[in-house]
Amino acid sequence: MNPQAPQISSALIETTAAKRMSSAFDLVARVSAGSIGPVNLCNIACAGLMIMANNYDQKNIATMEMVYGKGYLSAGGDAEVADLFHELDARGASVLDLGCGLGGAAVSMIRDLGAGHVTAVDIDSNVLARAEELVKINGLQSRIATRLIEPGPLPFDPGRFDIVYMTAVACHFEYLLPLFTEIHRVLKPSGTLVGRDWIKIACNQEYTNWDNFLREQGLNFFFAEINMFSHAMKASGFLDIEFVDKTETMEALSQKALDQVNGSLKDALLEKLGGKGYEECVQWARIRVTALSGKGIGQYRFRARVPG
Ligand SMILES: C[S@@+](CC[C@H](N)C(=O)[O-])C[C@H]1O[C@@H](n2cnc3c(N)ncnc32)[C@H](O)[C@@H]1O
């Protein structure tokens with residue numbers, strides 16, 4: 001999750017609107033040219049609205065990395081990546097890391113899980129630059145290709161990947177159907193989607209506090225209920241759809257992050273963010289714990305397979 005709030009300028013909002021428009025037009029053009037598979041009109045309309053994330057500035061990125069560990073913008077680090085791949089053999093696989101952030105998971109998939117090649121994509125050039133750095137430090141340039149993409153249809157041919165990995169990314173999409181339709185398209189027959197994301201459990205006070213807080217920060221999150229994930233995956237053609245509730249694990253990790261923000265990381269965060277920024281960071285970490293423990297939000301691991 002994102003402990004810091006970038007300021008969204010009007011220039012960014014304009015760029016955002018322009019990107020939405022261009023991706024919608026682009027998709028229509030590609031459907032007309034027959035370069036992408038069967039997509040219905042609803043998907044075309046929705047894909048134009050595939051939402052892009054907040055552009056993290058360097059200070060935000062550094063802060064999030066302090067809390068979540070080298071290479072990560074979400075909780076759990078390498079251990080959570082390994083957990084997601086439990087009983088899923090990544091050895092030799094061609095993987096798409098969609099919304100790769102700082103590249104920690106891409107490195108872990110190669111180094112710890114034996115993936116053959118990872119294509120790590122993101123729409124944010126700031127985070128991607130950090131991912132590239134991490135890939136170089138680990139000497140994995142021949143095994144991990146980083147790529148800046150535009151929001152909208154994925155720039156890959158159908159049936160390109162064995163596995164699509166995606167953590168804490170779907171929460172940035174207003175519409176899940178075009179997202180999973182695209183993921184299904186780029187997976188090979190029998191390919192697997194694996195990931196973890198925030199989900200809305202109940203529209204209670206804890207959820208509302210969390211959602212309002214993020215909106216006040218100008219962030220664009222869309223928390224869907226688990227049945228919305230399930231319906232969108234089914235409608236996209238996925239089979240063997242599985243969910244595992246990871247909310248308790250995330251609550252424990254979020255409590256640990258809050259303790260660190262209040263304790264061992266306090267001086268470093270104060271220095272980086274100043275007093276006001278630090279207070280916001282504490283507030284954010286606290287609201288997240290409350291939203292998880294109050295069962296307003298949760299996190300689920302998901303897995304689904306393209307028919308063979
Ligand atoms: C919370 S971060 C998670 C990053 C990484 N998966 C991790 O777990 O550390 C969400 C990431 O998704 C990226 N993102 C948002 N919308 C995207 C899109 N349409 N396509 C690709 N990446 C996107 C953001 O730029 C950001 O890096």
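What is the handedness of the crossing of helix 7 and helix 9? The crossing is right-handed, a term used when the near helix is turned clockwise from the far one by less than a right angle, with left-handed used for anticlockwise.

The model is predicted, and local features need pLDDT of at least 70, side-chain atom pairs count only at pLDDT 80 or more, and totals for chains, interfaces and linings use all residues. Residues are numbered from 1 along each chain as its sequence is written.

The protein chain has 11 helices and 7 strands. Helices (H or I, at least four residues) and strands (E, at least two) are DSSP runs, numbered from the N terminus. Two helix pairs are set out below.

| Pair | Angle | Distance between axes |
|---|---|---|
| Helix 7 (residues 176–186) and helix 9 (residues 226–236) | about 45 degrees | 8 Å |
| Helix 10 (residues 247–262) and helix 11 (residues 266–293) | about 150 degrees | 9 Å |

Axes are lines fitted to C-alpha atoms, for helices over the stretch in contact, and angles run from 0 to 180 degrees between N-to-C directions. Angles under 35 degrees count as roughly parallel, over 145 as roughly antiparallel, 65 to 115 as roughly perpendicular and the rest as oblique.

Helix 7 and helix 9 are therefore oblique to each other. On helix 7 the contact is made by L176, L177, F180, T181 and H184, and on helix 9 by M228, F229, A232, M233, A235 and S236. Residues are in contact if their C-beta atoms, placed from the backbone, lie within 7 Å. This contact has 8 nonpolar, 3 polar and no charged residues. Here Ala, Val, Leu, Ile, Met, Phe, Trp, Tyr, Cys and Pro count as nonpolar, Asp, Glu, Lys and Arg as charged, and the others, Gly among them, as polar.

Helix 10 is roughly antiparallel to helix 11 because of the angle between them. Their crossing is left-handed. The contact includes M250 and L258 of helix 10 and L269 and V289 of helix 11. By class, it has 10 nonpolar, 5 polar and 4 charged residues.

The largest nonpolar core has 83 residues, and V95, A106, M109, A131, V164 and L176 touch the most other members. Helix 11 gives the most to this core, with 9 residues. Such a core is a set of buried Ala, Val, Leu, Ile, Met, Phe, Trp, Tyr and Cys residues joined through C-beta atoms within 7 Å. Beyond its neighbours within four places in sequence, V95 is in contact with residues including M109, V118 and F161.

Notes:
Two residues are in contact if their C-beta atoms, placed from the backbone, lie within 7 Å. A residue is buried if 20 or more other C-beta atoms lie within 10 Å of its own, exposed if 12 or fewer, and partly exposed in between; C-beta atoms are placed from the backbone.
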